[in-house]
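Hi everyone, and thanks for coming. Today I'd like to walk you through one structure, so please have a look at it on the screen.

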Amino acid sequence: MPSPYDPQFAPAGDVGTALMMIDSRLKGIHSGRTETDAEQQALTDHFAASLDAEGIDDVLDGVCTLIFMFMTWLRRTHEEHGKDVIEYVVPTLVATMRQMPKSVGAETIPTMAGLVIAAGTDLSPNLWRKQYGYWTEEEMTPLEVTAFLLAEHINRIAADPDFATRMISRALSGSDED
């Protein structure tokens, strides 16, 4: 009997926008910009203001879909080496988040770890999260940070700064052809 949190029951959301956000952050960090560019922030704010509630939900679901896809790749990669993805990815992710108190409040770390663990055990992170109610304002940046850190982790494993973005782009291109 499938779980109510099975990915087949989850909306994919706006994965393209979510991927664009994460890729933009990755490129910014790799080019040495650790602060958000004022122009980029204005564009992001303008885009966010143009979304209605359904559009915001679609982007949130898209970020969760990215987390699921990233964790699926990480799980398969770790299993190829006889390792448990939860054991190797979650502690590193949590430790990194704890070093980011301005962006990630300590109270949000358990939720973000829960999303990653849900995805790492082949459950939908967005359906798992929705059982606790709607997303809070305080969870928005930590959610983005979670997807960003997973993408960066994948890029380091692959020794390619664009691997995670390309992997998702290829998956999206393939799904368009079906």
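**Asp61 and its surroundings**

Let's start with Asp61, which touches Pro11, Ala12, Gly13, Asn126 and Lys130, leaving out residues up to four places away in sequence; contact here means heavy atoms within 4.5 Å. Before I go on, a word on what you are looking at: this is a predicted model, where local features need pLDDT of at least 70, side-chain atom pairs count only at pLDDT 80 or more, and totals for chains, interfaces and linings use all residues. Residues are numbered from 1 along each chain as its sequence is written, and side-chain values use heavy atoms, with hydrogens and water left out.

Back to Asp61, which lies in helix 3. Helices (H or I, at least four residues) and strands (E, at least two) are DSSP runs, numbered from the N terminus. Is Asp61 buried or exposed? Asp61 is buried, because its relative accessible area is 5%. For these words, buried means under 20% relative accessible area, exposed over 50%, and partly exposed in between, with a 1.4 Å probe and protein chains only.

**The chain as a whole**

Now let's step back. The chain has 8 helices and 0 strands, so from the N terminus on you can read α-α-α-α-α-α-α-α. Of its 178 residues, 40% count as buried. Among contacts with a separation of 6 or more, 76% are between residues 24 or more positions apart.

**Another residue of helix 3**

Arg75 also has its place in helix 3. Arg75 counts as buried, because its relative accessibility is 15%. Its contacts, leaving aside neighbours within four places in sequence, are Val85, Ala119, Gly120 and Asp122.

**Salt bridges**

Next, the charged pairs. Side chains of opposite charge can pair when their charged atoms come close. A salt bridge is a side-chain nitrogen of Lys or Arg within 4 Å of a carboxyl oxygen of Asp or Glu. How many salt bridges does the structure hold? There are 8.

Take Lys27, which forms a salt bridge with Asp23, with the closest N and O atoms 3.5 Å apart. Both lie in helix 1 (residues 15-30), 4 residues apart, about one turn of the helix. Asp23 is buried at 15% relative accessible area, while Lys27 is partly exposed at 43%.

Lys27 also meets Asp162 in a salt bridge, at 3.2 Å from N to O. Lys27 lies in helix 1 and Asp162 in the loop between helix 7 (140-158) and helix 8 (163-177), so this pair ties together parts that are 135 residues apart in sequence. Asp162 counts as partly exposed, at 29% relative accessibility.

One more pair sits in helix 7: Glu152 and Arg156 are 4 residues apart there, so about one helical turn separates them. Their closest N and O atoms are 4.0 Å apart. Glu152 is buried at 14% relative accessible area, whereas Arg156 is exposed at 52%. As for shared partners, Asp23, Lys27 and Asp162 are joined by their salt bridges into one network.

**One last residue**

To finish, find Asp84 in the loop between helix 3 (53-80) and helix 4 (85-98). Asp84 counts as partly exposed, because its relative accessibility is 39%.
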